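Subject: Structure for you to look at, with notes

Dear colleague,

I am passing on the structure that we spoke about, and below it you will find my notes on what turned up. Please keep the picture open while you read.

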Amino acid sequence: MRTTTSPDSHAISGRSRRIGASALGAAALVLAGLGTAAHASAAPTTTTTPAPAKVTWAATPCATPKHQGDVVCHSFRVTGGATAFQKERAAETGKAAKVTPKAAAASPTGYGPSDLQDAYGVTDAASSNGSGETVAVVDAYDDPNAAADLAKYRTYYGLPACTVANGCFKKVSQSGSTTSLPGADSGWAEEESLDLDMASAVCPNCKILLVEATSASMANLGKAVNEAVALGAKFVSNSYGGAESSADTSYDTSYFKHAGVAITVSAGDEGYGAEYPAASQYVTSVGGTALSTSSTTRGWTEKVWNTSSTEGTGSGCSAYDTKPTWQTDTGCSKRTVSDVSAVADPATGVSVYDSYGVTAGWYTFGGTSASAPLIAAVYALAGTPGSSDYPASYPYAAAGSSALNDVTSGSNGTCSSSAAYLCTAKSGYDGPTGLGTPQGTDAFTG
(Lines give C-alpha, C1' and ligand atoms only; values in the text may rest on other atoms or scores of the structure.)
Protein backbone atom coordinates (compact mmCIF):
# COMPACT_ATOMS: atom_id res chain seq x y z
CA MET A 1 0.00 0.00 0.00
CA ARG A 2 1.35 3.42 -0.94
CA THR A 3 1.38 6.14 1.71
CA THR A 4 1.58 9.85 1.02
CA THR A 5 3.04 12.58 3.22
CA SER A 6 4.84 15.09 1.00
CA PRO A 7 3.70 16.76 -2.24
CA ASP A 8 7.08 16.31 -3.87
CA SER A 9 7.73 12.67 -3.10
CA HIS A 10 8.13 10.09 -5.84
CA ALA A 11 5.22 7.67 -5.40
CA ILE A 12 5.54 3.93 -6.05
CA SER A 13 3.48 3.07 -9.11
CA GLY A 14 1.43 -0.08 -9.35
CA ARG A 15 -0.94 0.96 -12.09
CA SER A 16 0.36 -0.72 -15.24
CA ARG A 17 -1.94 -3.33 -16.68
CA ARG A 18 0.95 -5.33 -18.11
CA ILE A 19 3.76 -5.80 -15.59
CA GLY A 20 6.76 -8.07 -15.35
CA ALA A 21 7.91 -10.35 -12.56
CA SER A 22 10.16 -7.73 -11.00
CA ALA A 23 7.31 -5.25 -10.75
CA LEU A 24 5.12 -7.87 -9.15
CA GLY A 25 7.84 -8.51 -6.60
CA ALA A 26 8.05 -4.82 -5.78
CA ALA A 27 4.28 -4.65 -5.49
CA ALA A 28 4.36 -7.52 -3.03
CA LEU A 29 6.81 -5.59 -0.84
CA VAL A 30 4.53 -2.56 -0.85
CA LEU A 31 1.50 -4.66 0.07
CA ALA A 32 3.50 -6.28 2.83
CA GLY A 33 4.27 -2.87 4.26
CA LEU A 34 8.00 -3.07 3.41
CA GLY A 35 7.95 -0.36 0.76
CA THR A 36 6.24 3.02 1.01
CA ALA A 37 6.47 6.45 -0.46
CA ALA A 38 4.91 9.65 0.79
CA HIS A 39 3.36 12.99 -0.11
CA ALA A 40 0.52 15.20 1.16
CA SER A 41 -1.58 18.10 0.08
CA ALA A 42 -0.56 21.52 1.28
CA ALA A 43 -2.69 22.82 4.15
CA PRO A 44 -3.08 26.54 4.78
CA THR A 45 -1.66 27.91 8.02
CA THR A 46 -2.72 30.85 10.15
CA THR A 47 -0.89 33.05 12.61
CA THR A 48 -3.47 32.61 15.36
CA THR A 49 -4.11 28.86 15.50
CA PRO A 50 -1.98 25.77 14.93
CA ALA A 51 -1.99 24.50 11.35
CA PRO A 52 -4.29 21.50 10.84
CA ALA A 53 -2.41 18.25 10.32
CA LYS A 54 -1.56 17.61 6.69
CA VAL A 55 -3.63 14.95 5.03
CA THR A 56 -1.96 11.61 4.33
CA TRP A 57 -3.35 8.80 2.27
CA ALA A 58 -2.51 5.44 0.74
CA ALA A 59 -3.50 3.73 -2.46
CA THR A 60 -6.03 1.00 -1.86
CA PRO A 61 -4.64 -2.54 -2.37
CA CYS A 62 -6.51 -2.96 -5.66
CA ALA A 63 -4.33 -0.15 -7.06
CA THR A 64 -1.53 -2.73 -7.29
CA PRO A 65 -2.13 -5.55 -9.81
CA LYS A 66 -2.23 -9.10 -8.51
CA HIS A 67 -1.41 -10.73 -11.84
CA GLN A 68 0.28 -9.82 -15.06
CA GLY A 69 -2.30 -8.32 -17.38
CA ASP A 70 -4.56 -6.99 -14.61
CA VAL A 71 -6.04 -3.52 -14.65
CA VAL A 72 -6.15 -1.63 -11.36
CA CYS A 73 -8.60 0.48 -9.38
CA HIS A 74 -8.14 4.24 -9.07
CA SER A 75 -8.70 4.96 -5.40
CA PHE A 76 -6.87 6.26 -2.33
CA ARG A 77 -7.89 6.05 1.33
CA VAL A 78 -7.02 8.86 3.75
CA THR A 79 -4.92 7.62 6.69
CA GLY A 80 -4.48 10.80 8.71
CA GLY A 81 -4.67 14.57 8.90
CA ALA A 82 -7.53 17.05 8.60
CA THR A 83 -9.48 16.82 5.33
CA ALA A 84 -11.13 19.76 3.58
CA PHE A 85 -14.47 18.64 5.03
CA GLN A 86 -13.06 18.66 8.56
CA LYS A 87 -11.41 22.07 8.15
CA GLU A 88 -14.64 23.56 6.83
CA ARG A 89 -16.68 22.13 9.71
CA ALA A 90 -14.05 23.35 12.16
CA ALA A 91 -14.31 26.86 10.72
CA GLU A 92 -18.09 26.76 11.13
CA THR A 93 -17.95 25.62 14.76
CA GLY A 94 -14.83 27.47 15.86
CA LYS A 95 -13.27 24.22 17.05
CA ALA A 96 -9.91 22.91 15.88
CA ALA A 97 -10.00 20.31 13.11
CA LYS A 98 -9.45 16.86 14.50
CA VAL A 99 -6.74 14.55 13.23
CA THR A 100 -8.14 11.42 11.65
CA PRO A 101 -6.46 8.25 12.96
CA LYS A 102 -5.49 5.38 10.71
CA ALA A 103 -8.39 3.38 12.13
CA ALA A 104 -11.89 4.08 10.88
CA ALA A 105 -13.57 7.20 12.22
CA ALA A 106 -16.80 7.07 14.18
CA SER A 107 -18.38 9.71 11.94
CA PRO A 108 -17.71 10.98 8.40
CA THR A 109 -14.52 12.92 7.68
CA GLY A 110 -15.19 13.57 3.98
CA TYR A 111 -17.82 15.23 1.81
CA GLY A 112 -21.27 13.65 1.97
CA PRO A 113 -24.33 13.68 -0.32
CA SER A 114 -25.53 17.20 0.50
CA ASP A 115 -22.03 18.61 -0.14
CA LEU A 116 -21.66 16.87 -3.49
CA GLN A 117 -25.17 17.66 -4.64
CA ASP A 118 -24.66 21.32 -3.77
CA ALA A 119 -21.20 21.51 -5.34
CA TYR A 120 -22.51 20.19 -8.64
CA GLY A 121 -25.87 21.93 -8.69
CA VAL A 122 -28.01 18.80 -8.54
CA THR A 123 -29.73 19.15 -5.15
CA ASP A 124 -33.20 19.56 -6.66
CA ALA A 125 -32.61 16.90 -9.31
CA ALA A 126 -31.37 14.43 -6.69
CA SER A 127 -34.59 14.93 -4.76
CA SER A 128 -36.98 14.53 -7.68
CA ASN A 129 -35.20 12.56 -10.43
CA GLY A 130 -33.74 9.09 -10.83
CA SER A 131 -36.70 6.85 -10.00
CA GLY A 132 -36.76 3.87 -12.34
CA GLU A 133 -33.17 4.41 -13.48
CA THR A 134 -30.40 1.92 -12.71
CA VAL A 135 -26.78 2.90 -12.16
CA ALA A 136 -24.46 -0.10 -12.58
CA VAL A 137 -21.09 -0.30 -10.86
CA VAL A 138 -18.54 -2.67 -12.43
CA ASP A 139 -15.65 -3.91 -10.28
CA ALA A 140 -13.55 -7.03 -9.78
CA TYR A 141 -14.02 -9.71 -7.11
CA ASP A 142 -16.68 -9.89 -4.41
CA ASP A 143 -17.43 -7.55 -1.55
CA PRO A 144 -19.38 -9.76 0.90
CA ASN A 145 -20.45 -6.71 2.93
CA ALA A 146 -21.55 -4.55 0.00
CA ALA A 147 -25.25 -4.50 0.84
CA ALA A 148 -24.72 -3.98 4.57
CA ASP A 149 -22.15 -1.21 4.10
CA LEU A 150 -24.36 0.53 1.55
CA ALA A 151 -27.23 0.44 4.04
CA LYS A 152 -25.02 2.05 6.71
CA TYR A 153 -24.09 4.89 4.37
CA ARG A 154 -27.61 5.57 3.21
CA THR A 155 -29.14 5.33 6.68
CA TYR A 156 -26.61 7.74 8.17
CA TYR A 157 -27.32 10.37 5.51
CA GLY A 158 -31.09 9.84 5.46
CA LEU A 159 -31.19 8.51 1.90
CA PRO A 160 -34.00 6.17 0.82
CA ALA A 161 -33.39 2.52 1.66
CA CYS A 162 -31.74 0.62 -1.20
CA THR A 163 -31.75 -3.07 -0.36
CA VAL A 164 -32.02 -6.45 -2.01
CA ALA A 165 -35.35 -6.93 -0.26
CA ASN A 166 -36.97 -3.80 -1.69
CA GLY A 167 -35.56 -4.42 -5.16
CA CYS A 168 -33.32 -1.35 -5.22
CA PHE A 169 -29.94 -3.08 -4.83
CA LYS A 170 -28.74 -6.14 -6.72
CA LYS A 171 -25.32 -7.82 -6.76
CA VAL A 172 -24.40 -10.27 -9.51
CA SER A 173 -21.39 -11.96 -11.07
CA GLN A 174 -20.21 -11.18 -14.60
CA SER A 175 -22.53 -13.96 -15.81
CA GLY A 176 -25.52 -12.52 -13.95
CA SER A 177 -25.62 -15.02 -11.09
CA THR A 178 -26.71 -13.78 -7.68
CA THR A 179 -25.39 -16.88 -5.91
CA SER A 180 -22.22 -17.94 -7.73
CA LEU A 181 -20.07 -14.88 -7.03
CA PRO A 182 -16.32 -14.30 -7.45
CA GLY A 183 -13.87 -14.80 -4.62
CA ALA A 184 -13.81 -12.00 -2.06
CA ASP A 185 -11.05 -9.39 -2.09
CA SER A 186 -10.68 -6.75 0.62
CA GLY A 187 -8.88 -4.26 -1.64
CA TRP A 188 -11.54 -4.31 -4.32
CA ALA A 189 -14.18 -4.25 -1.56
CA GLU A 190 -12.91 -0.77 -0.59
CA GLU A 191 -13.31 0.28 -4.20
CA GLU A 192 -16.84 -1.13 -4.37
CA SER A 193 -17.89 0.71 -1.21
CA LEU A 194 -16.59 3.96 -2.71
CA ASP A 195 -18.41 3.43 -6.00
CA LEU A 196 -21.72 2.42 -4.43
CA ASP A 197 -21.68 5.33 -2.01
CA MET A 198 -20.94 7.88 -4.75
CA ALA A 199 -23.79 6.57 -6.93
CA SER A 200 -26.04 6.84 -3.86
CA ALA A 201 -24.85 10.32 -2.92
CA VAL A 202 -25.73 11.90 -6.26
CA CYS A 203 -28.73 9.80 -7.34
CA PRO A 204 -30.41 8.55 -4.14
CA ASN A 205 -33.59 7.55 -6.00
CA CYS A 206 -31.74 5.35 -8.50
CA LYS A 207 -31.55 1.58 -8.31
CA ILE A 208 -28.01 0.23 -8.02
CA LEU A 209 -26.61 -2.84 -9.76
CA LEU A 210 -23.20 -4.13 -8.68
CA VAL A 211 -21.58 -6.43 -11.26
CA GLU A 212 -18.52 -8.25 -9.95
CA ALA A 213 -16.01 -9.59 -12.46
CA THR A 214 -14.25 -12.88 -11.77
CA SER A 215 -10.87 -11.14 -11.88
CA ALA A 216 -9.32 -7.79 -12.74
CA SER A 217 -8.50 -8.75 -16.33
CA MET A 218 -9.82 -6.43 -19.03
CA ALA A 219 -11.70 -9.34 -20.59
CA ASN A 220 -13.57 -10.23 -17.40
CA LEU A 221 -14.34 -6.62 -16.52
CA GLY A 222 -15.52 -6.10 -20.08
CA LYS A 223 -17.86 -9.06 -19.77
CA ALA A 224 -19.18 -7.51 -16.57
CA VAL A 225 -19.94 -4.29 -18.50
CA ASN A 226 -21.87 -6.31 -21.08
CA GLU A 227 -23.80 -8.05 -18.31
CA ALA A 228 -24.70 -4.71 -16.71
CA VAL A 229 -26.14 -3.52 -20.02
CA ALA A 230 -27.91 -6.84 -20.61
CA LEU A 231 -29.60 -6.44 -17.22
CA GLY A 232 -30.98 -3.07 -18.23
CA ALA A 233 -28.57 -0.52 -16.80
CA LYS A 234 -28.39 2.67 -18.87
CA PHE A 235 -25.59 4.13 -16.74
CA VAL A 236 -22.44 2.09 -16.10
CA SER A 237 -19.53 3.26 -13.94
CA ASN A 238 -16.00 1.84 -14.28
CA SER A 239 -13.31 2.93 -11.81
CA TYR A 240 -10.31 1.06 -13.18
CA GLY A 241 -7.79 1.15 -15.99
CA GLY A 242 -4.31 0.38 -17.20
CA ALA A 243 -1.78 0.85 -19.96
CA GLU A 244 -3.07 1.09 -23.51
CA SER A 245 -2.45 -1.73 -25.99
CA SER A 246 -3.16 -2.55 -29.61
CA ALA A 247 -6.00 -4.79 -28.39
CA ASP A 248 -7.97 -1.82 -27.14
CA THR A 249 -9.84 -1.20 -30.38
CA SER A 250 -11.16 -4.75 -30.24
CA TYR A 251 -12.12 -4.24 -26.58
CA ASP A 252 -14.03 -1.15 -27.74
CA THR A 253 -16.35 -3.11 -29.99
CA SER A 254 -16.56 -6.14 -27.70
CA TYR A 255 -17.31 -4.38 -24.42
CA PHE A 256 -17.85 -0.63 -24.59
CA LYS A 257 -19.81 0.07 -27.77
CA HIS A 258 -23.30 0.30 -26.32
CA ALA A 259 -25.52 2.89 -27.97
CA GLY A 260 -28.06 4.38 -25.59
CA VAL A 261 -25.91 3.70 -22.52
CA ALA A 262 -23.82 6.25 -20.61
CA ILE A 263 -20.56 4.50 -19.69
CA THR A 264 -18.18 6.45 -17.46
CA VAL A 265 -14.53 5.54 -16.83
CA SER A 266 -11.91 6.95 -14.46
CA ALA A 267 -9.16 8.83 -16.29
CA GLY A 268 -6.46 7.42 -14.00
CA ASP A 269 -4.46 8.53 -10.98
CA GLU A 270 -0.87 8.69 -12.30
CA GLY A 271 -0.90 12.16 -13.79
CA TYR A 272 -0.36 13.02 -17.43
CA GLY A 273 -0.74 10.02 -19.75
CA ALA A 274 -3.71 8.23 -21.30
CA GLU A 275 -5.10 4.94 -19.98
CA TYR A 276 -7.65 2.41 -21.19
CA PRO A 277 -10.65 2.08 -21.05
CA ALA A 278 -10.82 5.84 -20.39
CA ALA A 279 -9.40 6.24 -23.90
CA SER A 280 -12.26 4.31 -25.51
CA GLN A 281 -14.13 6.46 -28.02
CA TYR A 282 -17.43 5.12 -26.68
CA VAL A 283 -17.12 6.17 -23.02
CA THR A 284 -17.12 9.37 -21.00
CA SER A 285 -13.62 9.69 -19.56
CA VAL A 286 -13.73 11.39 -16.17
CA GLY A 287 -10.85 13.41 -14.79
CA GLY A 288 -10.33 14.60 -11.23
CA THR A 289 -10.34 17.90 -9.35
CA ALA A 290 -9.59 19.27 -5.91
CA LEU A 291 -12.87 20.65 -4.52
CA SER A 292 -13.24 23.20 -1.74
CA THR A 293 -15.73 25.79 -0.54
CA SER A 294 -15.32 29.41 -1.59
CA SER A 295 -16.96 32.82 -1.33
CA THR A 296 -18.05 32.72 -4.97
CA THR A 297 -21.69 32.67 -6.07
CA ARG A 298 -21.36 28.96 -6.65
CA GLY A 299 -19.93 28.49 -3.16
CA TRP A 300 -17.26 26.07 -4.38
CA THR A 301 -14.04 26.19 -6.34
CA GLU A 302 -12.04 23.52 -8.18
CA LYS A 303 -8.61 23.05 -9.67
CA VAL A 304 -6.80 20.15 -11.32
CA TRP A 305 -6.03 17.37 -8.86
CA ASN A 306 -2.29 16.87 -8.84
CA THR A 307 -0.06 15.78 -5.98
CA SER A 308 3.23 14.91 -7.68
CA SER A 309 4.69 13.97 -11.05
CA THR A 310 3.35 10.45 -10.58
CA GLU A 311 0.03 11.16 -8.87
CA GLY A 312 -2.94 13.15 -10.05
CA THR A 313 -5.70 12.96 -12.60
CA GLY A 314 -4.95 11.32 -15.92
CA SER A 315 -5.14 13.00 -19.33
CA GLY A 316 -3.49 12.82 -22.74
CA CYS A 317 -3.66 11.37 -26.23
CA SER A 318 -4.62 7.79 -26.97
CA ALA A 319 -2.14 5.87 -29.08
CA TYR A 320 -4.80 3.62 -30.60
CA ASP A 321 -8.39 4.82 -30.22
CA THR A 322 -10.07 6.83 -32.95
CA LYS A 323 -11.07 10.37 -32.08
CA PRO A 324 -14.87 10.60 -31.75
CA THR A 325 -16.59 13.04 -34.06
CA TRP A 326 -17.72 15.31 -31.21
CA GLN A 327 -14.16 15.92 -30.02
CA THR A 328 -12.54 18.77 -31.96
CA ASP A 329 -9.34 19.65 -30.08
CA THR A 330 -6.25 19.62 -32.31
CA GLY A 331 -3.48 18.46 -29.97
CA CYS A 332 -4.35 14.77 -30.38
CA SER A 333 -4.96 13.09 -33.71
CA LYS A 334 -6.71 10.28 -31.84
CA ARG A 335 -8.91 10.19 -28.74
CA THR A 336 -8.19 12.80 -26.05
CA VAL A 337 -8.68 12.13 -22.33
CA SER A 338 -10.68 13.57 -20.44
CA ASP A 339 -14.25 14.64 -21.28
CA VAL A 340 -15.48 15.99 -17.94
CA SER A 341 -14.35 15.81 -14.31
CA ALA A 342 -15.37 15.83 -10.65
CA VAL A 343 -13.78 15.68 -7.20
CA ALA A 344 -10.88 13.22 -6.83
CA ASP A 345 -8.22 14.77 -4.57
CA PRO A 346 -8.00 12.65 -1.37
CA ALA A 347 -7.34 15.82 0.64
CA THR A 348 -10.76 17.09 -0.49
CA GLY A 349 -12.17 13.58 -0.52
CA VAL A 350 -15.53 11.92 -0.04
CA SER A 351 -17.06 10.04 2.86
CA VAL A 352 -17.39 6.24 2.54
CA TYR A 353 -18.55 3.52 4.92
CA ASP A 354 -16.61 0.27 4.68
CA SER A 355 -16.18 -2.84 6.81
CA TYR A 356 -14.76 -5.74 4.80
CA GLY A 357 -11.09 -6.39 5.55
CA VAL A 358 -10.76 -3.11 7.47
CA THR A 359 -12.00 -1.72 10.77
CA ALA A 360 -15.69 -1.04 10.25
CA GLY A 361 -16.41 2.66 10.08
CA TRP A 362 -16.11 5.88 8.11
CA TYR A 363 -13.24 6.59 5.76
CA THR A 364 -12.37 9.37 3.32
CA PHE A 365 -11.48 8.34 -0.22
CA GLY A 366 -10.15 10.05 -3.31
CA GLY A 367 -8.85 9.19 -6.77
CA THR A 368 -10.72 9.26 -10.07
CA SER A 369 -12.56 6.23 -8.75
CA ALA A 370 -14.68 8.81 -6.92
CA SER A 371 -15.36 10.97 -9.96
CA ALA A 372 -16.49 8.22 -12.39
CA PRO A 373 -19.51 6.94 -10.40
CA LEU A 374 -20.41 10.51 -9.47
CA ILE A 375 -20.68 11.45 -13.16
CA ALA A 376 -22.59 8.23 -13.96
CA ALA A 377 -25.12 9.28 -11.33
CA VAL A 378 -25.42 12.77 -12.85
CA TYR A 379 -26.19 11.14 -16.20
CA ALA A 380 -28.89 9.10 -14.43
CA LEU A 381 -30.44 12.26 -12.96
CA ALA A 382 -30.51 13.71 -16.48
CA GLY A 383 -32.62 10.82 -17.77
CA THR A 384 -32.38 7.87 -20.15
CA PRO A 385 -30.10 8.55 -23.15
CA GLY A 386 -31.38 8.41 -26.71
CA SER A 387 -31.39 4.82 -27.94
CA SER A 388 -28.90 5.47 -30.75
CA ASP A 389 -26.74 7.98 -28.85
CA TYR A 390 -23.30 7.70 -27.33
CA PRO A 391 -23.79 9.99 -24.30
CA ALA A 392 -20.10 10.91 -24.16
CA SER A 393 -21.09 13.46 -26.81
CA TYR A 394 -23.65 15.24 -24.62
CA PRO A 395 -21.30 17.52 -22.63
CA TYR A 396 -19.72 18.75 -25.86
CA ALA A 397 -23.05 20.20 -26.95
CA ALA A 398 -23.03 22.26 -23.74
CA ALA A 399 -19.39 23.39 -24.01
CA GLY A 400 -18.88 26.94 -22.76
CA SER A 401 -22.34 27.15 -21.19
CA SER A 402 -23.44 27.61 -17.59
CA ALA A 403 -24.25 23.88 -17.48
CA LEU A 404 -20.57 23.18 -16.79
CA ASN A 405 -18.14 24.65 -14.27
CA ASP A 406 -15.04 25.52 -16.26
CA VAL A 407 -11.91 24.52 -14.31
CA THR A 408 -9.09 26.88 -15.27
CA SER A 409 -6.21 26.33 -12.84
CA GLY A 410 -3.70 23.57 -12.15
CA SER A 411 -1.85 20.95 -14.18
CA ASN A 412 -1.09 17.25 -13.97
CA GLY A 413 2.36 17.09 -15.54
CA THR A 414 4.48 18.37 -18.40
CA CYS A 415 3.50 18.14 -22.04
CA SER A 416 4.38 19.80 -25.33
CA SER A 417 4.28 23.59 -25.29
CA SER A 418 2.35 23.46 -28.55
CA ALA A 419 -0.42 21.48 -26.84
CA ALA A 420 -0.09 22.60 -23.22
CA TYR A 421 -3.85 22.22 -22.69
CA LEU A 422 -3.38 18.44 -22.61
CA CYS A 423 -1.86 18.73 -19.12
CA THR A 424 -2.70 22.28 -17.99
CA ALA A 425 -6.15 23.67 -17.22
CA LYS A 426 -7.38 26.66 -19.19
CA SER A 427 -10.61 28.34 -20.19
CA GLY A 428 -12.62 25.93 -22.30
CA TYR A 429 -11.57 22.37 -23.00
CA ASP A 430 -8.43 20.91 -21.44
CA GLY A 431 -7.14 17.40 -20.86
CA PRO A 432 -7.08 17.13 -17.05
CA THR A 433 -10.63 18.38 -16.48
CA GLY A 434 -12.21 18.09 -19.93
CA LEU A 435 -15.06 20.52 -20.42
CA GLY A 436 -15.39 21.01 -16.66
CA THR A 437 -17.60 19.70 -13.89
CA PRO A 438 -21.42 19.45 -13.72
CA GLN A 439 -23.54 22.44 -12.82
CA GLY A 440 -26.88 20.72 -12.90
CA THR A 441 -27.87 18.03 -15.38
CA ASP A 442 -28.30 19.97 -18.63
CA ALA A 443 -24.87 19.00 -20.01
CA PHE A 444 -25.66 15.30 -19.54
CA THR A 445 -28.86 14.94 -21.49
CA GLY A 446 -29.31 14.54 -25.24
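Is Gly130 buried or exposed? Gly130 is buried, with a relative accessible area of 7%, where buried means under 20% relative accessible area, exposed means over 50%, and partly exposed is in between (1.4 Å probe, protein chains only).

Before going on, please note that this is a predicted model, in which local features need pLDDT of at least 70 and side-chain atom pairs count only at pLDDT 80 or more, while totals for chains, interfaces and linings use all residues. Residues are numbered from 1 along each chain as its sequence is written, and side-chain values use heavy atoms, with hydrogens and water left out.

The overall picture

The protein has ten helices and 21 strands; these are DSSP runs, numbered from the N terminus, with helices (H or I) of at least four residues and strands (E) of at least two. Of its 446 residues, 61% are buried. The accessible surface comes to about 15,400 Å², and 52% of this belongs to carbon and sulfur atoms; such areas come from the Shrake-Rupley method with a 1.4 Å probe, and for residues only the protein chains shown count as cover. Among contacts (heavy atoms within 4.5 Å) with a separation of 6 or more, 76% are between residues 24 or more positions apart.

Gly130 illustrates this topic. Its place is in the loop between helix H4 (123-128) and strand E5, and, not counting residues up to four places away in sequence, Gly130 touches Cys203, Asn205, Cys206 and Ala380. The C-alpha atoms of Gly130 and Val378 are separated by 9.3 Å, although these residues are 248 residues apart along the chain.

The nonpolar cores

A nonpolar core is a set of buried Ala, Val, Leu, Ile, Met, Phe, Trp, Tyr and Cys residues joined through side-chain atoms within 4.5 Å. The largest one has 73 residues, and those with the most contacts inside it are Leu116, Phe169, Leu196, Val350, Leu374, Ile375 and Phe444. Helix H9 (residues 368-382) gives the most to this core, with ten residues. Leaving aside neighbours within four places in sequence, Phe444 is in contact with several residues, including Val340, Ile375, Val378, Tyr379 and Ala382. Apart from this core lies another, of 44 residues, among them Tyr141, Ala216, Ala233 and Ala267.

Charged pairs

Side chains of opposite charge can pair when their charged atoms come close. The structure holds eight salt bridges, each defined as a side-chain nitrogen of Lys or Arg within 4 Å of a carboxyl oxygen of Asp or Glu. One of them joins Lys66 and Asp185, whose closest N and O atoms are 2.4 Å apart. Lys66 lies in the loop between strand E2 (56-59) and strand E3 (72-73), and Asp185 in the loop between strand E6 (169-173) and helix H6 (186-202), so this pair ties together parts that are 119 residues apart in sequence. Lys66 counts as partly exposed at 45% relative accessibility, whereas Asp185 is buried, with a relative accessible area of 9%.

A further salt bridge is that of Arg77 and Glu190 (3.0 Å, N to O). Because Arg77 lies in strand E4 (residues 76-80) and Glu190 in helix H6, the pair ties together parts that are 113 residues apart in sequence. Both Arg77 and Glu190 are buried.

Tyr141 is found in the loop between strand E5 (134-140) and helix H5 (146-156), and is buried, with a relative accessible area of 9%.

Most residues other than glycine have a negative phi, and most peptide bonds are trans. Phi of Tyr141, however, is near 65°, a positive value. A cis peptide bond joins Tyr276 and Pro277, with omega about 15°, and Pro277 is found in the loop between strand E11 (270-272) and strand E12 (284-293). Another cis peptide bond joins Val337 and Ser338, with omega about 20°.

Best wishes
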